[in-house]
Amino acid sequence: MKLQGEAKLVRIFLGESDKWQGRPLYEAIVLEAKKAGLAGATVFKGFMGFGAHSRIHTAKILQLSEDLPICIEIVDAEEKIQQFLPTLDQMVREGLITMEKVEVIQYRSR
């Protein structure tokens, strides 16, 4: 797969405890992105954050949280991202999805 030049970056912000059909939502999104043939997806786990409900979620020892922030980043050509957005709309019931233009400098596989 060749990906170079202008592309789109989608970021999905959700909670670690969010589920989709019995599995973690972040895992389900990555698997759906792979099934859709997208260039790649990466999941990041946050140490602290808050969202629409203004509830702080933190990894501090005295304030254990079982719902830490999760961010998923997906980069691909705009057309492929646009085709994937309805899937995200169906899966993400609560969270934030952003999209921005990016410039892909290098994308290689062995």
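**View 1. Strand E1 and its burial.** Strand E1 (residues 5–15) is largely enclosed by the rest of the structure, because eight of its 11 residues are buried (under 20% relative accessible area, with exposed meaning over 50% and partly exposed in between; 1.4 Å probe, protein chains only). The model is predicted: local features need pLDDT of at least 70 and side-chain atom pairs count only at pLDDT 80 or more, while totals for chains, interfaces and linings use all residues. Residues are numbered from 1 along each chain as its sequence is written, and side-chain values use heavy atoms, with hydrogens and water left out. Across the protein, buried residues make up 32% of the 110 residues.

**View 2. Strand partners of E1.** E1 pairs with strand E8 (residues 96–104) in the antiparallel sense, over nine bridges (two strands pair if DSSP finds at least two bridges between them). Leucine 9 has glutamate 100 as its bridge partner in E8. E1 also runs antiparallel to strand E7 (residues 69–76), and eight bridges join them. Here the bridge partner of leucine 14 is isoleucine 70 of E7.

**View 3. Packing of helices H1 and H2.** The axes of H1 (residues 25–35) and H2 (residues 78–91) come within 11 Å and cross at roughly 160° (axes are lines fitted to C-alpha atoms, for helices over the stretch in contact, and angles run from 0 to 180 degrees between N-to-C directions). H1 is therefore roughly antiparallel to H2 (angles over 145 degrees count as roughly antiparallel, under 35 as roughly parallel, 65 to 115 as roughly perpendicular and the rest as oblique). On the H1 side the contact (heavy atoms within 4.5 Å) is made by Leu25, Ala28, Ile29, Glu32 and Ala33, and on the H2 side by Phe84, Thr87, Leu88 and Met91. Seven nonpolar, one polar and one charged residues form this contact by class (Ala, Val, Leu, Ile, Met, Phe, Trp, Tyr, Cys and Pro count as nonpolar, Asp, Glu, Lys and Arg as charged, and the others, Gly among them, as polar).

**View 4. Glutamine 21 in a loop.** Glutamine 21 is found in the loop between strand E2 (19–20) and strand E3 (23–24). Its phi is positive, about 50°, although the residue is not a glycine. Most residues other than glycine have a negative phi. Glutamine 21 is exposed, with a relative accessible area of 70%.

**View 5. The whole chain.** The protein has two helices and eight strands (DSSP runs numbered from the N terminus: helices are H or I of at least four residues, strands E of at least two). Along the sequence the pattern is β-β-β-α-β-β-β-β-α-β.
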